[in-house]
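Please look over the sequence and fold below. The report then moves from the overall build to the domains, the core and some backbone details.

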Amino acid sequence: MYFNWEFSPSYHSRSLDVLETALNQVTAYRSWQTYDPGRAYPINMRYNAMPAFTKLDIRNNFPDGLVPVGRDVRHALESREIGLASTSGSSDTSVTNVWNQEWWDASEQASWKLNSHATKLATGNHSEAILANPLNVGFISDDIDLSMEKRRLARFLYLNEKTDPAKWSSEHMDRMISELGIFKPVVLEVNPSLLAKLCRYIANHKIKVFQPGMIVYTYEYPTQLHYRQIRQVFNVPMASSYGSTETGYVFMQCEKGKFHQNSKFCRVDFQPLKPEHGGPFVGRILVTTFNNPWYYILRFDVRDLVRVDEEGSCPCGRNSGIILSAIEGRAISLTLTCKCKLVTLRELDEALSVLDGIDEYQLEQASKKVYDLHLVSRRLDKNSLTKEASKVLKKLYGEEAKVSVIYEDALSPEDSGKYSIAKALFPIDVENYLDETYVAKGNQL
Ligand SMILES: [Zn+2]
(Lines give C-alpha, C1' and ligand atoms only; values in the text may rest on other atoms or scores of the structure.)
Protein backbone atom coordinates (compact mmCIF):
# COMPACT_ATOMS: atom_id res chain seq x y z
CA MET A 1 0.00 0.00 0.00
CA TYR A 2 1.23 3.48 -0.81
CA PHE A 3 -0.19 6.87 0.10
CA ASN A 4 -0.05 9.33 -2.74
CA TRP A 5 0.87 12.35 -0.60
CA GLU A 6 2.86 15.10 -2.21
CA PHE A 7 5.34 17.26 -0.36
CA SER A 8 7.18 20.34 -1.58
CA PRO A 9 10.98 20.28 -1.75
CA SER A 10 11.03 22.84 1.08
CA TYR A 11 9.10 20.37 3.26
CA HIS A 12 12.00 17.96 3.03
CA SER A 13 14.64 20.65 3.56
CA ARG A 14 12.79 21.98 6.63
CA SER A 15 12.49 18.43 7.97
CA LEU A 16 16.23 17.98 7.48
CA ASP A 17 17.13 21.35 9.07
CA VAL A 18 15.03 20.71 12.17
CA LEU A 19 16.37 17.19 12.62
CA GLU A 20 20.03 18.18 12.20
CA THR A 21 19.72 21.15 14.55
CA ALA A 22 17.84 19.11 17.15
CA LEU A 23 20.26 16.17 17.13
CA ASN A 24 23.35 18.39 17.31
CA GLN A 25 22.30 21.47 19.28
CA VAL A 26 19.17 20.80 21.33
CA THR A 27 19.79 18.96 24.62
CA ALA A 28 16.44 17.12 24.69
CA TYR A 29 17.25 15.33 21.43
CA ARG A 30 20.99 14.69 21.79
CA SER A 31 20.39 11.11 22.95
CA TRP A 32 18.41 10.48 19.76
CA GLN A 33 21.69 10.46 17.83
CA THR A 34 21.97 6.77 18.70
CA TYR A 35 18.81 6.05 16.66
CA ASP A 36 19.96 7.99 13.60
CA PRO A 37 20.94 5.73 10.68
CA GLY A 38 22.97 8.68 9.34
CA ARG A 39 23.00 11.42 6.74
CA ALA A 40 23.32 8.97 3.87
CA TYR A 41 19.75 7.80 4.50
CA PRO A 42 16.53 9.44 3.23
CA ILE A 43 15.06 11.96 5.61
CA ASN A 44 11.82 10.01 6.16
CA MET A 45 13.75 6.93 7.15
CA ARG A 46 15.80 8.96 9.64
CA TYR A 47 12.65 10.43 11.22
CA ASN A 48 11.01 7.06 11.42
CA ALA A 49 13.96 5.62 13.29
CA MET A 50 13.42 8.17 16.09
CA PRO A 51 11.20 7.67 19.16
CA ALA A 52 8.14 9.74 20.05
CA PHE A 53 8.42 12.88 22.21
CA THR A 54 5.92 13.29 25.07
CA LYS A 55 4.65 15.90 27.52
CA LEU A 56 6.88 14.30 30.13
CA ASP A 57 9.89 14.93 27.88
CA ILE A 58 8.83 18.59 27.55
CA ARG A 59 8.60 18.89 31.33
CA ASN A 60 11.97 17.20 31.88
CA ASN A 61 13.78 19.50 29.43
CA PHE A 62 11.94 22.75 29.96
CA PRO A 63 12.93 25.34 28.87
CA ASP A 64 16.67 25.36 28.03
CA GLY A 65 16.77 21.79 26.75
CA LEU A 66 14.24 22.63 24.03
CA VAL A 67 16.17 25.41 22.28
CA PRO A 68 19.51 25.27 20.48
CA VAL A 69 22.53 25.79 22.74
CA GLY A 70 23.43 29.48 22.87
CA ARG A 71 19.86 30.81 22.69
CA ASP A 72 19.10 32.69 25.91
CA VAL A 73 15.55 31.79 26.94
CA ARG A 74 15.57 34.01 30.05
CA HIS A 75 16.67 37.05 28.11
CA ALA A 76 13.98 36.43 25.48
CA LEU A 77 11.37 36.07 28.24
CA GLU A 78 12.51 39.32 29.88
CA SER A 79 12.42 41.21 26.60
CA ARG A 80 9.00 39.62 25.91
CA GLU A 81 10.12 38.13 22.62
CA ILE A 82 8.57 34.95 23.97
CA GLY A 83 6.24 34.05 26.85
CA LEU A 84 4.98 30.99 28.65
CA ALA A 85 1.68 29.18 28.17
CA SER A 86 0.40 26.58 30.59
CA THR A 87 -2.33 24.12 29.77
CA SER A 88 -4.64 23.24 32.64
CA GLY A 89 -5.69 19.81 33.79
CA SER A 90 -4.42 16.94 35.86
CA SER A 91 -0.66 16.44 36.24
CA ASP A 92 -0.94 13.98 33.35
CA THR A 93 -2.23 16.56 30.90
CA SER A 94 -0.93 19.93 32.11
CA VAL A 95 2.34 21.28 30.80
CA THR A 96 4.04 24.65 30.46
CA ASN A 97 5.08 25.59 26.93
CA VAL A 98 7.26 28.30 25.45
CA TRP A 99 4.86 30.66 23.70
CA ASN A 100 6.07 32.43 20.58
CA GLN A 101 3.15 34.66 19.52
CA GLU A 102 4.69 35.66 16.20
CA TRP A 103 5.19 32.03 15.23
CA TRP A 104 1.72 31.05 16.48
CA ASP A 105 0.06 33.78 14.39
CA ALA A 106 2.06 32.76 11.31
CA SER A 107 1.09 29.10 11.80
CA GLU A 108 -2.57 30.09 12.15
CA GLN A 109 -2.51 32.30 9.06
CA ALA A 110 -0.94 29.50 7.00
CA SER A 111 -3.75 27.16 8.14
CA TRP A 112 -6.42 29.60 6.88
CA LYS A 113 -5.11 29.07 3.35
CA LEU A 114 -6.38 25.50 3.59
CA ASN A 115 -10.04 26.56 3.63
CA SER A 116 -11.47 28.90 1.01
CA HIS A 117 -13.95 30.56 3.42
CA ALA A 118 -11.17 31.24 5.94
CA THR A 119 -8.90 32.50 3.15
CA LYS A 120 -11.55 35.04 2.20
CA LEU A 121 -12.72 36.09 5.68
CA ALA A 122 -9.66 35.80 7.89
CA THR A 123 -7.46 38.76 7.08
CA GLY A 124 -5.48 38.75 10.32
CA ASN A 125 -7.26 41.86 11.61
CA HIS A 126 -10.82 40.53 11.33
CA SER A 127 -13.07 40.54 14.40
CA GLU A 128 -13.34 37.22 16.18
CA ALA A 129 -15.58 36.07 19.01
CA ILE A 130 -14.41 33.08 21.02
CA LEU A 131 -16.72 30.74 22.87
CA ALA A 132 -14.41 28.58 24.94
CA ASN A 133 -13.80 27.46 28.46
CA PRO A 134 -11.69 30.23 30.10
CA LEU A 135 -9.49 27.44 31.50
CA ASN A 136 -8.30 27.04 27.90
CA VAL A 137 -8.35 30.65 26.68
CA GLY A 138 -9.70 34.00 27.87
CA PHE A 139 -10.48 35.41 31.32
CA ILE A 140 -11.71 33.32 34.27
CA SER A 141 -14.33 34.81 36.61
CA ASP A 142 -16.80 32.36 38.14
CA ASP A 143 -18.20 34.64 40.88
CA ILE A 144 -18.40 38.07 39.29
CA ASP A 145 -19.69 38.71 35.77
CA LEU A 146 -17.10 40.53 33.67
CA SER A 147 -18.25 43.40 31.46
CA MET A 148 -17.84 43.10 27.69
CA GLU A 149 -14.85 45.51 27.73
CA LYS A 150 -13.09 43.36 30.32
CA ARG A 151 -13.38 40.37 27.97
CA ARG A 152 -11.90 42.17 24.95
CA LEU A 153 -8.31 41.66 23.80
CA ALA A 154 -7.10 43.18 20.51
CA ARG A 155 -9.52 41.92 17.82
CA PHE A 156 -11.02 39.25 20.09
CA LEU A 157 -14.07 39.04 22.30
CA TYR A 158 -14.21 36.19 24.80
CA LEU A 159 -17.91 35.43 25.23
CA ASN A 160 -17.63 33.25 28.34
CA GLU A 161 -15.72 33.66 31.62
CA LYS A 162 -17.34 30.74 33.50
CA THR A 163 -15.46 27.46 33.93
CA ASP A 164 -18.45 25.09 34.29
CA PRO A 165 -20.96 25.26 31.40
CA ALA A 166 -23.32 22.99 33.37
CA LYS A 167 -23.91 26.03 35.61
CA TRP A 168 -24.61 28.58 32.85
CA SER A 169 -27.70 30.65 33.73
CA SER A 170 -30.23 31.80 31.14
CA GLU A 171 -29.02 35.41 31.80
CA HIS A 172 -25.48 34.33 30.92
CA MET A 173 -26.63 32.71 27.66
CA ASP A 174 -28.84 35.71 26.81
CA ARG A 175 -25.79 37.93 27.29
CA MET A 176 -23.66 35.83 24.91
CA ILE A 177 -26.40 35.91 22.26
CA SER A 178 -26.81 39.67 22.62
CA GLU A 179 -23.04 40.28 22.45
CA LEU A 180 -22.83 38.34 19.18
CA GLY A 181 -25.31 40.87 17.78
CA ILE A 182 -23.35 43.84 19.14
CA PHE A 183 -19.85 42.63 18.23
CA LYS A 184 -20.84 41.05 14.89
CA PRO A 185 -17.76 38.80 14.59
CA VAL A 186 -16.50 37.79 11.16
CA VAL A 187 -15.30 34.51 12.65
CA LEU A 188 -16.78 32.67 15.63
CA GLU A 189 -14.21 30.30 17.10
CA VAL A 190 -15.71 27.74 19.44
CA ASN A 191 -15.37 24.74 21.61
CA PRO A 192 -18.13 22.65 19.94
CA SER A 193 -19.71 21.34 23.15
CA LEU A 194 -20.12 24.90 24.43
CA LEU A 195 -21.66 26.21 21.22
CA ALA A 196 -23.94 23.14 21.08
CA LYS A 197 -25.17 23.97 24.58
CA LEU A 198 -25.83 27.59 23.64
CA CYS A 199 -27.61 26.43 20.46
CA ARG A 200 -29.95 24.12 22.39
CA TYR A 201 -30.98 27.15 24.44
CA ILE A 202 -31.38 29.34 21.33
CA ALA A 203 -33.48 26.68 19.54
CA ASN A 204 -35.67 25.98 22.59
CA HIS A 205 -36.45 29.66 23.06
CA LYS A 206 -36.66 30.40 19.32
CA ILE A 207 -34.23 33.33 19.69
CA LYS A 208 -32.87 35.11 16.62
CA VAL A 209 -29.09 35.17 16.62
CA PHE A 210 -26.41 36.98 14.60
CA GLN A 211 -24.84 34.79 11.89
CA PRO A 212 -21.02 35.18 11.68
CA GLY A 213 -19.08 34.73 8.41
CA MET A 214 -17.92 31.31 9.53
CA ILE A 215 -17.62 29.06 12.57
CA VAL A 216 -14.29 27.39 13.40
CA TYR A 217 -14.24 24.41 15.77
CA THR A 218 -11.24 23.88 17.96
CA TYR A 219 -10.23 22.69 21.48
CA GLU A 220 -12.39 19.56 21.25
CA TYR A 221 -13.69 16.85 18.95
CA PRO A 222 -16.98 18.01 17.36
CA THR A 223 -19.51 15.18 17.57
CA GLN A 224 -22.42 14.59 15.18
CA LEU A 225 -24.69 15.62 18.03
CA HIS A 226 -22.87 18.95 18.30
CA TYR A 227 -23.19 19.50 14.53
CA ARG A 228 -26.90 18.66 14.57
CA GLN A 229 -27.63 21.08 17.42
CA ILE A 230 -25.49 23.88 15.98
CA ARG A 231 -26.93 23.56 12.44
CA GLN A 232 -30.42 24.10 13.87
CA VAL A 233 -29.30 27.64 14.69
CA PHE A 234 -26.40 28.60 12.44
CA ASN A 235 -26.46 28.36 8.68
CA VAL A 236 -22.89 29.47 7.85
CA PRO A 237 -19.71 27.71 6.64
CA MET A 238 -18.07 25.63 9.37
CA ALA A 239 -14.60 24.13 9.60
CA SER A 240 -12.69 22.18 12.18
CA SER A 241 -9.17 23.35 12.99
CA TYR A 242 -6.86 20.78 14.54
CA GLY A 243 -3.75 21.58 16.56
CA SER A 244 -2.36 21.93 20.06
CA THR A 245 -0.53 24.43 22.26
CA GLU A 246 2.68 22.47 21.71
CA THR A 247 2.43 22.13 17.93
CA GLY A 248 0.44 25.12 16.62
CA TYR A 249 -1.96 24.50 13.73
CA VAL A 250 -1.54 21.01 12.27
CA PHE A 251 -4.62 20.24 10.12
CA MET A 252 -7.40 22.41 8.76
CA GLN A 253 -10.67 21.15 7.32
CA CYS A 254 -11.24 22.49 3.80
CA GLU A 255 -14.55 23.60 2.32
CA LYS A 256 -15.05 20.04 0.97
CA GLY A 257 -14.76 18.52 4.44
CA LYS A 258 -11.37 16.79 4.29
CA PHE A 259 -8.40 17.78 6.48
CA HIS A 260 -5.19 19.19 4.98
CA GLN A 261 -1.82 19.29 6.67
CA ASN A 262 -0.41 22.73 7.51
CA SER A 263 2.80 21.55 5.90
CA LYS A 264 4.61 24.90 5.87
CA PHE A 265 4.59 24.84 9.68
CA CYS A 266 4.79 21.20 10.65
CA ARG A 267 5.86 17.76 9.66
CA VAL A 268 3.48 14.90 10.46
CA ASP A 269 4.55 11.27 10.80
CA PHE A 270 1.65 8.83 10.57
CA GLN A 271 1.80 5.47 12.36
CA PRO A 272 -1.00 3.05 11.42
CA LEU A 273 -2.76 0.75 13.84
CA LYS A 274 -2.70 -3.00 13.34
CA PRO A 275 -5.31 -4.09 10.74
CA GLU A 276 -7.48 -5.78 13.39
CA HIS A 277 -7.71 -2.42 15.22
CA GLY A 278 -8.52 -0.17 12.28
CA GLY A 279 -5.20 0.10 10.43
CA PRO A 280 -3.74 0.91 8.03
CA PHE A 281 -5.95 3.97 7.47
CA VAL A 282 -6.41 4.79 11.16
CA GLY A 283 -3.37 5.60 13.24
CA ARG A 284 -1.64 8.08 15.50
CA ILE A 285 0.30 11.13 14.43
CA LEU A 286 3.63 12.51 15.62
CA VAL A 287 4.12 16.22 14.93
CA THR A 288 7.35 18.11 14.31
CA THR A 289 7.16 21.92 14.22
CA PHE A 290 8.97 24.07 11.66
CA ASN A 291 10.27 27.66 11.85
CA ASN A 292 10.10 28.16 15.61
CA PRO A 293 13.62 29.02 16.83
CA TRP A 294 12.43 29.14 20.48
CA TYR A 295 10.85 25.72 20.78
CA TYR A 296 12.06 22.53 19.16
CA ILE A 297 9.24 19.99 19.14
CA LEU A 298 10.04 16.81 17.21
CA ARG A 299 7.80 13.78 16.76
CA PHE A 300 5.49 15.02 19.51
CA ASP A 301 2.82 12.51 20.42
CA VAL A 302 -0.29 14.70 20.43
CA ARG A 303 -2.23 11.64 21.63
CA ASP A 304 -4.82 11.84 18.90
CA LEU A 305 -5.85 9.38 16.23
CA VAL A 306 -6.66 10.24 12.64
CA ARG A 307 -8.02 8.52 9.52
CA VAL A 308 -5.97 9.14 6.40
CA ASP A 309 -8.03 9.65 3.27
CA GLU A 310 -8.15 6.46 1.20
CA GLU A 311 -8.25 8.33 -2.11
CA GLY A 312 -5.31 10.53 -1.10
CA SER A 313 -6.83 13.46 -2.98
CA CYS A 314 -9.51 16.08 -2.39
CA PRO A 315 -12.01 17.75 -4.74
CA CYS A 316 -10.76 21.14 -3.44
CA GLY A 317 -7.53 20.52 -5.39
CA ARG A 318 -5.09 21.06 -2.51
CA ASN A 319 -2.48 18.33 -2.60
CA SER A 320 0.48 19.40 -0.49
CA GLY A 321 0.85 17.22 2.59
CA ILE A 322 -1.18 14.52 4.27
CA ILE A 323 -4.94 14.46 3.59
CA LEU A 324 -7.25 13.06 6.26
CA SER A 325 -10.86 12.05 5.86
CA ALA A 326 -11.42 12.42 9.62
CA ILE A 327 -9.97 13.09 13.03
CA GLU A 328 -10.76 9.93 15.03
CA GLY A 329 -10.50 11.51 18.49
CA ARG A 330 -8.24 11.56 21.53
CA ALA A 331 -6.26 8.48 22.52
CA ILE A 332 -7.70 8.98 26.02
CA SER A 333 -11.18 8.55 24.44
CA LEU A 334 -10.41 5.05 23.16
CA THR A 335 -12.49 2.16 24.44
CA LEU A 336 -12.38 -1.60 23.80
CA THR A 337 -15.01 -4.01 22.54
CA CYS A 338 -15.71 -7.20 24.50
CA LYS A 339 -13.26 -8.89 22.12
CA CYS A 340 -10.65 -6.20 22.92
CA LYS A 341 -10.75 -4.38 19.57
CA LEU A 342 -10.06 -0.64 19.76
CA VAL A 343 -13.04 1.69 19.27
CA THR A 344 -12.27 5.32 18.47
CA LEU A 345 -14.40 8.25 19.56
CA ARG A 346 -15.51 8.81 15.96
CA GLU A 347 -16.76 5.21 15.69
CA LEU A 348 -18.67 5.52 18.96
CA ASP A 349 -20.08 8.87 17.90
CA GLU A 350 -21.18 7.47 14.56
CA ALA A 351 -23.02 4.64 16.34
CA LEU A 352 -24.73 6.89 18.90
CA SER A 353 -25.73 9.46 16.27
CA VAL A 354 -28.80 7.33 15.38
CA LEU A 355 -30.37 8.12 18.77
CA ASP A 356 -32.97 10.89 18.79
CA GLY A 357 -33.59 13.43 21.52
CA ILE A 358 -30.15 13.36 23.15
CA ASP A 359 -28.64 16.64 24.42
CA GLU A 360 -25.33 15.25 25.66
CA TYR A 361 -23.65 11.90 26.19
CA GLN A 362 -20.61 10.49 27.90
CA LEU A 363 -19.46 6.89 27.81
CA GLU A 364 -17.28 5.35 30.49
CA GLN A 365 -15.92 1.86 30.13
CA ALA A 366 -15.49 0.82 33.77
CA SER A 367 -13.78 -2.49 33.00
CA LYS A 368 -13.70 -5.12 30.29
CA LYS A 369 -17.29 -5.64 29.02
CA VAL A 370 -18.78 -3.01 31.41
CA TYR A 371 -20.03 0.23 29.83
CA ASP A 372 -21.80 3.15 31.55
CA LEU A 373 -23.54 5.59 29.24
CA HIS A 374 -24.46 8.94 30.82
CA LEU A 375 -27.21 10.72 28.93
CA VAL A 376 -28.81 14.13 29.12
CA SER A 377 -32.17 13.92 27.37
CA ARG A 378 -35.52 15.65 27.54
CA ARG A 379 -37.28 12.61 26.10
CA LEU A 380 -40.12 11.38 28.33
CA ASP A 381 -39.96 7.74 27.21
CA LYS A 382 -36.72 7.00 29.05
CA ASN A 383 -37.36 3.24 29.06
CA SER A 384 -37.44 3.00 25.29
CA LEU A 385 -34.44 5.36 25.02
CA THR A 386 -32.52 3.09 27.40
CA LYS A 387 -33.39 0.08 25.22
CA GLU A 388 -32.38 1.87 22.02
CA ALA A 389 -29.07 3.05 23.51
CA SER A 390 -28.24 -0.41 24.89
CA LYS A 391 -28.94 -1.99 21.51
CA VAL A 392 -26.62 0.48 19.76
CA LEU A 393 -23.81 -0.11 22.25
CA LYS A 394 -24.17 -3.91 22.17
CA LYS A 395 -23.94 -3.80 18.38
CA LEU A 396 -20.71 -1.81 18.66
CA TYR A 397 -19.07 -3.51 21.65
CA GLY A 398 -20.56 -7.03 21.53
CA GLU A 399 -23.75 -8.75 22.67
CA GLU A 400 -22.13 -9.79 25.96
CA ALA A 401 -21.51 -6.11 26.90
CA LYS A 402 -23.01 -5.06 30.25
CA VAL A 403 -24.53 -1.68 29.45
CA SER A 404 -26.00 0.75 32.01
CA VAL A 405 -27.73 3.95 30.93
CA ILE A 406 -27.63 6.71 33.55
CA TYR A 407 -29.60 9.94 33.14
CA GLU A 408 -28.09 13.28 34.19
CA ASP A 409 -29.39 16.87 34.28
CA ALA A 410 -26.20 18.21 32.70
CA LEU A 411 -22.59 17.11 32.22
CA SER A 412 -19.55 19.09 33.38
CA PRO A 413 -16.13 19.21 31.73
CA GLU A 414 -12.97 17.69 33.22
CA ASP A 415 -10.37 19.71 35.17
CA SER A 416 -8.77 20.57 31.83
CA GLY A 417 -11.89 22.56 30.82
CA LYS A 418 -12.62 20.04 28.06
CA TYR A 419 -15.37 17.45 28.06
CA SER A 420 -14.60 13.78 28.22
CA ILE A 421 -17.02 12.25 25.72
CA ALA A 422 -15.67 8.74 26.09
CA LYS A 423 -13.01 7.07 28.19
CA ALA A 424 -11.90 3.79 29.63
CA LEU A 425 -11.23 3.79 33.37
CA PHE A 426 -8.18 1.57 32.78
CA PRO A 427 -5.09 2.39 30.73
CA ILE A 428 -5.03 1.71 26.97
CA ASP A 429 -1.58 2.32 25.52
CA VAL A 430 -1.79 3.11 21.79
CA GLU A 431 1.81 1.94 21.31
CA ASN A 432 0.64 -1.65 21.88
CA TYR A 433 -1.79 -1.37 18.96
CA LEU A 434 0.54 0.12 16.33
CA ASP A 435 1.43 -1.96 13.30
CA GLU A 436 5.16 -2.59 13.75
CA THR A 437 5.68 -3.45 10.10
CA TYR A 438 4.52 0.00 9.03
CA VAL A 439 6.02 1.84 11.97
CA ALA A 440 9.44 0.54 11.02
CA LYS A 441 8.99 1.85 7.48
CA GLY A 442 6.97 4.87 8.55
CA ASN A 443 5.81 7.12 5.77
CA GLN A 444 7.24 4.91 3.06
CA LEU A 445 4.12 2.77 3.07
ZN1 LIG B 1 -9.75 19.73 0.41
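## Overall build

In this predicted model, the secondary structure amounts to 13 helices and 20 strands. The radius of gyration is 22 Å, close to the 22 Å given by the globule rule for 445 residues, so the protein is as compact as a globular protein of that length. Taken along the principal axes, the C-alpha atoms fill a box of roughly 70 × 55 × 40 Å.

Of the 445 residues, 40% are buried.

## Two domains

The protein divides into domain 1 (9–331) and domain 2 (336–427). Their C-alpha centres lie 27 Å apart. Domain 1 puts 29 residues into the contact, and domain 2 puts in 19 residues.

On the side of domain 1 that touches domain 2, the elements giving two or more residues are H9, H10 and strand E14 (323–330). E14 has the largest share of that side, with four residues. By type, the residues of this side of domain 1 are 10 nonpolar, 13 polar and six charged.

## The nonpolar core

The largest nonpolar core holds 102 residues. Leu131 and Leu324 have the most contacts inside this core. H9 gives the most to the core, with six residues. Why does the core lie between domain 1 and domain 2? Both domains give residues to it, so it lies between them. In soluble globular proteins, nonpolar side chains tend to be buried together.

What does Leu131 touch, leaving aside neighbours within four places in sequence? Its contacts are Leu159, Asn160, Leu188, Val190, Asn191, Leu194, Leu195 and Leu198.

## Helix H9

H9 covers residues 192–204, 13 residues in total. From first C-alpha to last it reaches 18 Å, close to the 18 Å expected at 1.5 Å a residue. Its buried residues are Pro192, Ser193, Leu194, Leu195, Ala196, Lys197, Leu198, Cys199 and Ile202.

Just after H9, Lys206 takes a positive phi of about 50°.

## Cis peptide bonds

The bond from Phe62 to Pro63 is cis, with omega near -15°. Pro63 sits in the loop between helix H4 (55–61) and helix H5 (73–78).

Gly279 and Pro280 are also joined by a cis peptide bond, with omega about 5°. Here the loop holding Pro280 runs between strand E11 (266–272) and strand E12 (282–289).

## Positive phi in loops

Lys184 is not a glycine, yet its phi is positive, about 45°. It lies in the loop between H8 and E6. Is Lys184 buried, exposed or partly exposed? It has 13 other C-beta atoms within 10 Å, so it is partly exposed.

Cys340 is likewise not a glycine and has a positive phi, of about 70°. Its loop connects strand E15 (335–336) and strand E16 (342–343). Cys340 is partly exposed because 13 other C-beta atoms lie within 10 Å.

Terms used. Residues are numbered from 1 along each chain as its sequence is written. This is a predicted model: local features need pLDDT of at least 70, side-chain atom pairs count only at pLDDT 80 or more; totals for chains, interfaces and linings use all residues. The expected span of a helix is 1.5 Å times one less than its number of residues. A residue is buried if 20 or more other C-beta atoms lie within 10 Å of its own, exposed if 12 or fewer, and partly exposed in between; C-beta atoms are placed from the backbone. A nonpolar core is a set of buried Ala, Val, Leu, Ile, Met, Phe, Trp, Tyr and Cys residues joined through C-beta atoms within 7 Å. Domain bounds come from an automatic or database domain assignment. Two residues are in contact if their C-beta atoms, placed from the backbone, lie within 7 Å. The radius of gyration is taken over C-alpha atoms; the globule rule is 2.2 Å times the number of residues to the power 0.38. Ala, Val, Leu, Ile, Met, Phe, Trp, Tyr, Cys and Pro count as nonpolar, Asp, Glu, Lys and Arg as charged, and the others, Gly among them, as polar.
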